[in-house]
Amino acid sequence: MESYADTLLIMVDQQGVACHTGEPSCFFNHLPGTLHQANPPVTEALLSQLYDVILARKQRAPQESYVASLMARGQDHMLKKVVEEAAEVVLAAKNGRPDEILYEMADLWFHTLVVLGWHNLPPQGVLQELQRRLGKSGLRGQQESPPARVSE
């Protein structure tokens, strides 16, 4: 058996894009039904997925999961984490660093999802409330009372 060694492998540290579409490569399309997608589109379904993970981890032992450890320490600890993360968002915004703002905002959103999980309130409830407010004046909304709460 002859060996031709007819392949050349070139490894590069790419900077910028290589395709006229703005994608890193010209090979970014995926066939329908394929399992792998390098960068799946981010949708509101991601909030539901994260929330489901939080609920599942809520049931674990504190030493097995960060979420379980937050839950084990109680609501006051979780709320302090939300305040801490909100302060970090404010500082990142004051510094004017977009990457830092996004990073800290992700932490804030995550910890608010943990609080929702503590109360078994799905994120869809928040999305529904935002939908209800859409198109309404925030100035007039200050005079409105919040929706009635359903007692359990």
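Helix α2 (residues 66-73) packs against α4 at an angle of about 55 degrees, and the two axes lie 11 Å apart. That makes α2 oblique to α4. The model is a predicted one, in which local features need pLDDT of at least 70, side-chain atom pairs count only at pLDDT 80 or more, and totals for chains, interfaces and linings use all residues. Residues are numbered from 1 along each chain as its sequence is written, and side-chain values use heavy atoms, with hydrogens and water left out.

**Overall make-up**

- The protein has 6 helices and 0 strands, where helices (H or I, at least four residues) and strands (E, at least two) are DSSP runs numbered from the N terminus.
- From the N terminus on, the order of elements is α-α-α-α-α-α.
- Of the 152 residues, 17% count as buried; buried means under 20% relative accessible area, exposed over 50%, and partly exposed in between (1.4 Å probe, protein chains only).
- Among contacts between residues at least 6 apart in sequence, 49% join residues at least 24 apart; contact means heavy atoms within 4.5 Å.

- Axes here are lines fitted to C-alpha atoms, for helices over the stretch in contact, and angles run from 0 to 180 degrees between N-to-C directions.
- Angles under 35 degrees count as roughly parallel, over 145 as roughly antiparallel, 65 to 115 as roughly perpendicular and the rest as oblique.
- The crossing of α2 past α4 is right-handed; a crossing is left-handed if the near helix is turned anticlockwise from the far one by less than a right angle, and right-handed if clockwise.
- On the α2 side the contact is made by Tyr66, Val67, Leu70 and Met71, and on the α4 side by Phe110, His111, Val114, Gly117 and Trp118.
- By class, this contact of α2 with α4 has 7 nonpolar, 2 polar and no charged residues.
- In this classification Ala, Val, Leu, Ile, Met, Phe, Trp, Tyr, Cys and Pro count as nonpolar, Asp, Glu, Lys and Arg as charged, and the others, Gly among them, as polar.

**α1 against α4**

- The axes of α1 and α4 come within 9 Å and cross at roughly 55 degrees, and the two helices are therefore oblique to each other.
- The crossing of α1 and α4 is right-handed.
- From α1, Leu47, Leu50, Tyr51, Ile54, Leu55 and Lys58 meet Phe110, Leu113, Val114, Leu116, Gly117 and Trp118 of α4.
- The contact of α1 with α4 has 10 nonpolar, 1 polar and 1 charged residues.

**α3 against α4**

- The axes of α3 and α4 come within 8 Å, with a crossing angle of roughly 160 degrees, and that makes α3 roughly antiparallel to α4.
- The crossing of α3 and α4 is left-handed.
- Residues making the contact include Met78, Leu79, Val82, Glu85, Ala86 and Val89 of α3, and Met105, Leu108, His111, Val114, Val115 and Trp118 of α4.
- Its residues divide into 13 nonpolar, 4 polar and 6 charged.

**Nonpolar core**

- The largest nonpolar core has 13 residues, of which Ile54, Val67, Met71, Met78 and Val114 touch the most other members.
- A nonpolar core is a set of buried Ala, Val, Leu, Ile, Met, Phe, Trp, Tyr and Cys residues joined through side-chain atoms within 4.5 Å.
- Not counting residues up to four places away in sequence, Ile54 touches Val67, Met71, Phe110, Leu113, Val114 and Gly117.

- Leu108 belongs to helix α4 and counts as buried at 15% relative accessibility.
- Leaving aside neighbours within four places in sequence, Leu108 is in contact with Val82, Glu85, Ala86 and Val89.
- The C-alpha atoms of Leu108 and Val83 are separated by 8.5 Å, although these residues are 25 apart along the chain.
- Val115 is also found in helix α4 and is buried, with a relative accessible area of 15%.
- Val115 is in contact with Met78, Leu79 and Val82, neighbours within four places in sequence left aside.
- Val115 and Val82 are 33 residues apart in sequence and 8.4 Å apart in space, C-alpha to C-alpha.
- Asn120 is found in the loop between α4 (98-118) and α5 (123-133), and counts as exposed at 51% relative accessibility.
- Phi of Asn120 is near 55 degrees, a positive value in a residue other than glycine.
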